[in-house]
Amino acid sequence: MKIDNLLFIFNNFGIAKQLDKLHEECGELSEAITISMQAYQGDADKAIQTPAIISEMADVAVMLAQFKFAEPHIWEQVEAEAEAKIDRTLDRIKSGYYE
């Protein structure tokens, strides 16, 4: 993704509209996952390959990339939180939490 294009789009619409758009895209991804999982009777390997899921994942990825480059101070906090969540999940796996 071209950073200049992402920033142009973000700055054109502004943070409030892009937060609304992110919310919309996340909802559409959630719906696509639900529909695909039902269509493939829970077969995630098949569901993940559906064009609807791929398209909605791309939409969410574009929106998140806009925030990453337009709001780097916020994105640093997002990445720190993501690392903490990864560490927590690894600790839980090691402790048998999910068994």
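Pro 51 counts as exposed in this predicted model, because its relative accessibility is 67%, above the 50% cut-off for that class. The residue belongs to helix α4, which covers residues 51–70. Ser 36 lies 15 residues from Pro 51 in sequence, and the two C-alpha atoms are 9.7 Å apart in space.

The secondary structure of the protein chain consists of 5 helices and 0 strands, in the order α-α-α-α-α along the sequence. The radius of gyration is 17 Å, well over the 13 Å given by the globule rule for 99 residues, so the chain is more spread out than a compact globule. The C-alpha trace spans about 45 × 35 × 20 Å along its principal axes. Of the 99 residues, 20% are buried.

The whole structure contains 3 salt bridges. In helix α2 (residues 15–39), Glu 24 and Lys 21 are 3 residues apart, about one turn of the helix, and their side chains form a salt bridge with an N to O distance of 3.3 Å. Lys 21 also forms a salt bridge with Glu 25, where the closest N and O atoms are 3.4 Å apart. Glu 25 and Lys 21 are 4 residues apart in helix α2, again about one turn. Glu 25 is buried, because its relative accessible area of 6% falls under the 20% limit. Glu 24, at 37% relative accessibility, counts as partly exposed, and Lys 21 is partly exposed at 30%.

Another salt bridge joins the side chains of Lys 85 and Glu 81, at 3.8 Å from N to O. Both residues lie in helix α5, 4 residues apart, or about one turn of the helix. Lys 85 is partly exposed at 38% relative accessibility, and Glu 81 is partly exposed with a relative accessible area of 43%. Through shared partners, salt bridges join Lys 21, Glu 24 and Glu 25 into one network.

Technical notes
Residues are numbered from 1 along each chain as its sequence is written. This is a predicted model: local features need pLDDT of at least 70, side-chain atom pairs count only at pLDDT 80 or more; totals for chains, interfaces and linings use all residues. Side-chain values use heavy atoms; hydrogens and water are left out. Helices (H or I, at least four residues) and strands (E, at least two) are DSSP runs, numbered from the N terminus. The radius of gyration is taken over C-alpha atoms; the globule rule is 2.2 Å times the number of residues to the power 0.38. Buried means under 20% relative accessible area, exposed over 50%, partly exposed in between (1.4 Å probe, protein chains only). A salt bridge is a side-chain nitrogen of Lys or Arg within 4 Å of a carboxyl oxygen of Asp or Glu.
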